[in-house]
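Have it open while you read.

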Amino acid sequence: MSSMSEIPEHCPGTQSEEAGKASACQGCPNQSMCASGKTKGEDPDIPLITEKLSSIKHKILVVSGKGGVGKSTFSANLSRGIAIDENKKVGILDIDICGPSIPLLLGVEGYQVHNSGSGWSPIYVEDNLLVMSIGFLLQPEEAVIWRGPKKNGMIKHFLRDVDWESLDYLVIDTPPGTSDEHLSITNYLKTAGINGAVVITTPQEVSLLDVRKEIDFCRKVGVPIIGIVENMSGFVCPNCKNETQIFPATTGGGKKMAKELKIPFLGRIPLDPKIGMTSDKGNNFLTEFPESPAVDAYAKIISQILEFCEQKPVKSD
């Protein structure tokens, strides 16, 4: 695989007056282009990204306003849930540059990515489920201490150089918030197209407050919102089947917020200790514990996401 050092560590970015002139630009293959100002305006790599992703039918962002709401776990289970249909080929792209957890959740931590003539080869989790993450390029405890331009450069590499071949669905797991990575992915995919975003929250107001900001971001950049999922929504006792609210929805939770903002509410996923157990081991919760109420919730939510993608055209410029 190509070294990550190809992206200058302190790249000033193509829009900067220092583009092509800063000390970090020395030795960069794009130095002369940046210095000439030819990169100011539309990124010349966007057409290449659009061509590379032209064989992917549907692209779904999974977003959250804050961390700790189970967004990556949802992304992993969404991908596995779609891939249960052996006729569908699914990819999952982890652009959480500073906190890549998808390799662990899918049981492929420590695998090596290879470079071929057609690009970087994603890791196969199953015959019809592929994954790419910066986690494959790092040591388990290695921190990513990058400024925005270098993060953006890595996301561009993933979109431009990964050889996904033909996919029915590409699920993109994003970091929390509305920062560089979100701007990069929406900008790079503006012509390739995004079906929409699935917004993950938990019931309490501290999560809903940040989710409202995420929804505002999606609206401002023109990404359709597929719907809201309320994760960790109650705990159903496996013995007595009684439900307990671990995180009470003091202001009405995700469903009320969705109604206020006129966004589809896709459903609630209850807490189940088996989700955490299987995630830590990289196993497939959906197939190992089909009797869990959470599996039924996932199935109904995934069905709505697939229906949205099939019925609504891809959003692109």
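1. Let's start with Cys237, which is buried, since its relative accessible area is 18% (buried means under 20%, exposed over 50% and partly exposed in between, using a 1.4 Å probe and protein chains only). Cys237 sits in the loop between strand 9 (225-236) and strand 10 (243-244). UniProt, in an unreviewed entry, puts a "binding site" annotation on Cys237 and Cys240. Keep in mind that such annotations may be inferred rather than shown by experiment; the feature names are shortened and the positions follow the numbering used here.

2. Before going further, a word on what we're looking at. This is a predicted model, where local features need pLDDT of at least 70 and side-chain atom pairs count only at pLDDT 80 or more, while totals for chains, interfaces and linings use all residues. Residues are numbered from 1 along each chain as its sequence is written, and side-chain values use heavy atoms, with hydrogens and water left out.

3. Now the overall picture. The chain has 11 helices and 11 strands, and 51% of its 317 residues are buried. Take the contacts (heavy atoms within 4.5 Å) between residues at least 6 apart in sequence: 77% of them join residues at least 24 apart.

4. Which other cysteines carry a "binding site" label in UniProt? The unreviewed entry lists Cys11, Cys25, Cys28 and Cys34. Of these, look at Cys25: its place is in the segment before helix 1 (31-36), and at 7% relative accessibility Cys25 counts as buried.

5. The unreviewed UniProt entry also gives "binding site" for Gly65, Lys66, Gly67, Gly68, Val69, Gly70, Lys71 and Ser72. Gly65 lies in the loop between strand 1 (56-64) and helix 3 (71-83), and Val69 is in the loop between strand 1 and helix 3 as well. Gly65 is buried at 15% relative accessibility, and Val69 is buried at 3%. Setting aside neighbours within four places in sequence, Gly65 contacts Pro176, Gly177, Asp210, Val211 and Glu214. By that rule Val69 contacts Ser64, Ile200, Thr201, Thr202, Ser207, Asn231 and Met232.

6. Stay with helix 3, where you'll find Ser75. Ser75 is buried, with a relative accessible area of 0%. Apart from neighbours within four places in sequence, Ser75 is in contact with Val62, Ile92, Ile102, Val171 and Asp173. Ser75 and Asp94 are 19 residues apart in sequence, with their C-alpha atoms 9.2 Å apart.

7. What does the side chain of Asp94 join up with? There is a polar contact of 3.0 Å between the side chains of Asp94 and Ser133. A polar contact is a pair of N or O atoms within 3.5 Å; within protein, one must be able to donate a hydrogen and the other to accept it, and residues adjacent in sequence count only if both atoms are side-chain atoms. Ser133 is in strand 6 (residues 129-133) and is buried, at 0% relative accessibility. Not counting residues up to four places away in sequence, Ser133 touches Asp94, Pro100, Pro103 and Phe158.

8. Last, the aromatics. Rings of Phe, Tyr and Trp (its six-membered ring) pair if their centres lie within 6.5 Å; planes under 30 degrees apart are stacked, over 60 edge-to-face, and the rest tilted. The count is 3 aromatic pairs. Phe74 and Tyr298 have ring centres 5.7 Å apart and planes at 25°, so they are stacked. That pair links distant parts of the chain, with Phe74 in helix 3 and Tyr298 in helix 11 (residues 293-311), 224 residues apart. Both Phe74 and Tyr298 are buried. For Phe285 and Phe289, the centres are 6.3 Å apart and the planes at 35°, so this pair is tilted. Phe285 is buried at 1% relative accessible area, and Phe289 is buried at 14%. The charged end of Lys274 sits over the Phe289 ring, 5.5 Å from its centre (the rule asks for NZ of Lys or CZ of Arg within 6 Å of the ring centre and within 35 degrees of the ring normal).

Terms used. Helices (H or I, at least four residues) and strands (E, at least two) are DSSP runs, numbered from the N terminus.
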